[in-house]
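My notes are below, in the order I looked things up.

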Amino acid sequence: MIEEISIRDLGVIGRATLPLGPGFTAVTGETGAGKTMVVTALGLLLGQRAESGIVRSGSAQAVVDGRWLVAADGPVVDRVTEAGGDVDDGELLLSRVVSAEGRSRAIVGGRAAPIGVLGDLADHLVVVHGQSEQIRLKSASAQRAAVDAHGGAPLAEAATSYRVAYEAWLAARAELDEITRDRDARRAEADDLRAAIAEIEGVAPVAGELDELDASAERLSNAEDLRLAAGLAHEILSTEAVDGTRDVLGLVEEARRQIDRVAPHDPALAPIADLLAEMSVQVSETSSRLSSYLGGLDGDAAGDLEAVQTRRADLAALVRRHGPTLDDAIRLLDDGSRRLLELDGDDDRLAQLDDEVREFRTEAEARAGRLTELRRASGADLSERVSAELGALAMTGAEIVVEVSPRDDLGSSGADVVSLLLRPHPGSEPRPLGKGASGGELSRVMLALEVVMAGSSDVPTFVFDEVDAGVGGSAAIEIGRRLAALAERAQVIVVTHLAQVAAFATNHLRVVKDASGEVTASSVQQLEGDDRVAEMARLLSGLPDSSSGLDHARELLDLARDRADTRS
């Protein structure tokens with residue numbers, strides 16, 4: 001429920017505060033005073049698009065603040081918390097600021113938030129009815145939504161169940177169409193995969209093999225230099241020559257013997273003797289390794305090199321065709337094999353999909369049939385209830401006909417088309433709302449729908465912008481009475497120019513226009529007592545000071561109170 005809305009520099013309104021609260025609030029005022037700015041302000045708080053032209057002339061920005069009372073838990077609090085805002089003791093603050101250049105920003109629960117957050121909250125906070133809603137009521141989707149909402153939980157569950165079956169049918173049919181449409185391309189892909197897999201399996205690459213082959217090629221290409229260098233190094237370290245050439249190992253052993261001979265005379269030589277012994281072991285080990293290395297060098301290095309280069313060429317060819325790396329070519333064996341199994345299984349999958357499409361279609365049709373039954377039942381009840389309301393709204397004999405007719409094929413909403421038709425009087429042909437209903441009739445149909453469906457709606461606030469357009473007299477009185485009835489179950493805010501409607505309000509606000517030079521500023525007054533009677537007289541006759549007008553206004557207020565008491 002909206003507790004209060006504050007407006008600053010919006011349209012013709014300079015500064016105004018609207019105390020709202022529970023029950024039925026009527027907003028009245030002279031033409032051009034800015035009554036519709038109240039709905040515009042509320043629209044801004046609900047995330048509607050902001051135009052720079054709504055900022056009051058000469059002002060830098062327009063500001064709208066709203067204070068709501070909301071349930072301590074539920075989708076509103078969850079969305080506010082998700083946006084980083086807070087709801088303090090069930091009180092939610094929303095703000096919208098629009099600059100003269102058209103830039104806009106929102107504040108939700110004390111935190112700056114994207115404008116879209118306001119839109120997310122809108123569906124849970126307020127239902128706004130105006131000219132655009134009358135247009136929306138003419139659409140098939142809006143009419144179906146009304147019938148579905150009136151059907152309550154059973155119809156909602158049936159609709160969800162149908163959508164599950166419908167989407168399963170669509171998915172199976174789409175896969176069947178894809179495989180059938182692309183069958184030639186899939187067969188060509190399978191042939192290409194078979195050839196690629198056969199080629200890769202024939203070469204049998206191993207991960208990391210190219211690096212090893214590169215190293216082998218480098219070694220074999222320089223085999224003679226490697227042999228000469230290793231042989232010379234081996235002779236320097238340890239030689240078996242008999243010409244008296246002294247090698248490193250012999251020199252180290254000689255040095256060790258000399259130190260060992262005198263070491264007992266000086267303990268300081270012991271560590272040096274140990275180092276020489278260790279050096280002798282290392283030289284001997286190095287010599288042994290060089291000997292093994294020389295033994296491992298194949299004398300037929302040229303033949304080995306040719307084999308290595310051939311293998312490298314084979315692997316390079318694989319990389320060019322199935323790369324960009326050897327690992328990609330190896331991976332193709334696994335991925336390609338799985339894909340090939342899938343492609344080769346097309347015939348089996350097609351047969352399976354044919355069965356699935358038939359089964360899912362049959363299931364969707366069965367669930368659609370159940371949905372149609374529930375819609376017809378809901379439509380019949382809605383027709384009876386709304387038609388009764390129309391009789392009370394000075395449309396005696398008028399009837400709303402809910403037509404549930406089959407469509408050409410299954411759709412996302414079922415197997416039927418829902419239409420709301422208006423039969424203006426008994427014996428006449430029902431006509432689509434979009435073609436045969438006037439603006440005043442649409443207003444009353446919309447109000448009747450809300451009154452009937454209010455019990456099943458969880459939206460706490462209804463806003464009507466001149467819902468009484470095009471009506472007057474006793475019809476206007478009945479509109480006021482019905483709005484008051486709706487206000488017993490929800491907060492109702494009505495922008496009206498009819499005294500017959502405003503008379504039923506429990507809270508009456510007047511938008512006042514003051515003229516000063518070329519600048520017009522409007523503010524809002526809460527009316528009680530004589531002030532309210534004067535405003536009612538102005539609405540009735542345009543003469544707020546006329547004694548007869550005032551008497552008529554008091555009579556109308558008494559009538560509204562009496563009917564309210566009778567209703568309660």
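**Entry 1: what kind of model**

I reminded myself that this is a predicted model.

**Entry 2: aromatic pairs**

I searched the whole structure for aromatic pairs and got two. In one, the ring centres of tyrosine 162 and tyrosine 166 are 5.5 Å apart with 25 degrees between the planes, so I logged the pair as stacked. The other is tyrosine 166 with tryptophan 169, a tilted pair at 5.9 Å centre to centre and 50 degrees between the planes. Together, the ring pairs make a cluster of Tyr162, Tyr166 and Trp169.

The spacing makes sense to me, because an α-helix has 3.6 residues a turn and residues three or four places apart point the same way.

I then checked burial. Tyrosine 162 and tyrosine 166 are both buried. Tyrosine 166 has a relative accessible area of 12%, and tryptophan 169, also buried, has 3%. I also noted arginine 173, whose charged end sits over the ring of tryptophan 169, 4.3 Å from the ring centre.

**Entry 3: salt bridges**

How many salt bridges does the structure hold? I got 34, and looked at three of them by name.

Arginine 67 meets glutamate 4 at 3.8 Å, N to O. The arginine is in strand β4 (residues 61-69) and the glutamate in strand β1 (residues 2-10), so this bridge ties together parts 63 residues apart in sequence. Arginine 67 is partly exposed at 24% relative accessibility, and glutamate 4 is partly exposed at 26%. I also see a salt-bridge network that links Glu3, Glu4, Arg67 and Glu91.

Glutamate 82 and arginine 79 form a bridge at 3.6 Å, N to O. They are three residues apart in helix α2 (residues 75-82), about one helical turn. Glutamate 82 is exposed, with 63% relative accessibility.

Arginine 375 belongs to helix α14 and aspartate 416 to strand β10 (residues 414-423), so the bridge ties together parts 41 residues apart in sequence.

**Entry 4: helix α14**

I stayed with α14, which spans residues 346-392 and contains serine 383. I call serine 383 buried because its relative accessibility is 10%, and the cut-off for that label is under 20%. Leaving out residues up to four places away in sequence, I find serine 383 touching Glu399, Ile400, Val401 and Val402.

**Entry 5: helix α1**

Last stop was α1, residues 35-45, which is mostly covered, with nine of 11 residues buried. Among them are Met37, Val38, Val39, Leu42, Leu44 and Leu45, and Lys35 is on the buried list as well. Just after α1, I noted glycine 47 with a positive phi of about 90 degrees.

How values were computed: Residues numbered from 1 in each chain as written. Predicted model: local features only at pLDDT ≥ 70, side-chain atom pairs only at ≥ 80, totals over all residues. Heavy atoms only, no water. Helix = DSSP H or I, 4+ residues; strand = E, 2+ residues; numbered from the N terminus. Buried < 20%, exposed > 50% of the residue type's maximum accessible area, 1.4 Å probe, protein only. Contact = heavy atoms within 4.5 Å. Salt bridge = Lys/Arg side-chain N within 4 Å of Asp/Glu carboxyl O. Phe/Tyr/Trp six-rings, centres within 6.5 Å; stacked < 30°, edge-to-face > 60°. Lys NZ or Arg CZ within 6 Å of the ring centre and 35° of its normal.
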